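The sequence and structure are shown first, and the discussion follows.

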Amino acid sequence: MSDLVRESVTRFLARDAAPAREERVRLAEEMLGAFDSGIPDLAEDHDRYLAEDFDD
């Protein structure tokens, strides 16, 4: 009986530990556009900016 209870609690906690896929998608979509680097061409020139930072 104690093994059954432990297994049930473990499964219950594991299920609640990670949000459902739909919730993760919703949270990710909420973050879209939430941050601004102030660099207008960062998406296009990200490799150049990364190389510049590594050179410093």
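In this predicted model, R48 lies over the face of Y49, at a distance of 4.5 Å from the ring centre. The place of R48 is in helix α3, and with a relative accessible area of 38% this arginine is partly exposed. As for pairing between aromatic rings, the structure holds zero aromatic pairs.

**Salt bridges**

R48 also takes part in contacts of another kind, for its side chain meets that of D45 in a salt bridge, at 3.3 Å from N to O, and the side chains of E52 and R48 meet in a salt bridge as well, at 3.0 Å from N to O. Side chains of opposite charge can pair when their charged atoms come close. E52 and R48 are four residues apart in helix α3, which spans residues 46–55, and are therefore separated by about one helical turn. Which residues are linked with R48 in a network of salt bridges? The network links D41, D45, R48 and E52.

The side chains of R26 and E30 meet in a salt bridge with an N to O distance of 2.2 Å, and R26 is partly exposed, with a relative accessible area of 37%.

| Salt bridge | N to O distance |
|---|---|
| R26 and E30 | 2.2 Å |
| R48 and D45 | 3.3 Å |
| E52 and R48 | 3.0 Å |

How far apart in sequence and in space are R48 and E30? The two residues are 18 residues apart in sequence and 28 Å apart in space, taken from C-alpha to C-alpha.

**A nonpolar patch**

A nonpolar surface patch of about 650 Å² is made by M1, L4, V5, V9, F12 and L13. One of these residues, L13, lies in helix α1, which runs over residues 2–17. Is L13 buried or exposed? L13 has a relative accessible area of 51% and is exposed, because the cut-off for that class is over 50%.

**The chain as a whole**

The protein chain has three helices and zero strands, and from the N terminus on its elements run α-α-α. The radius of gyration of the protein chain is 21 Å, well over the 10 Å that the globule rule gives for 56 residues, so the chain is more spread out than a compact globule. Along its principal axes, the C-alpha trace of the protein chain spans about 60 × 25 × 15 Å.

What share of the 56 residues in the protein chain is buried? Buried residues make up 2% of them. The protein chain exposes about 5400 Å², and carbon and sulfur atoms supply 58% of that area.

Conventions: Residues numbered from 1 in each chain as written. Predicted model: local features only at pLDDT ≥ 70, side-chain atom pairs only at ≥ 80, totals over all residues. Heavy atoms only, no water. Patch = residues over 30% accessible without salt bridge, like charges linked within 9 Å, V, L, I, M, F, W, Y side chains within 5 Å. Areas by Shrake-Rupley, 256 points an atom, 1.4 Å probe, with all protein chains shown as cover. Salt bridge = Lys/Arg side-chain N within 4 Å of Asp/Glu carboxyl O. Helix = DSSP H or I, 4+ residues; strand = E, 2+ residues; numbered from the N terminus. Buried < 20%, exposed > 50% of the residue type's maximum accessible area, 1.4 Å probe, protein only. Phe/Tyr/Trp six-rings, centres within 6.5 Å; stacked < 30°, edge-to-face > 60°. Lys NZ or Arg CZ within 6 Å of the ring centre and 35° of its normal. Rg over C-alpha atoms; globule rule 2.2 N^0.38 Å.
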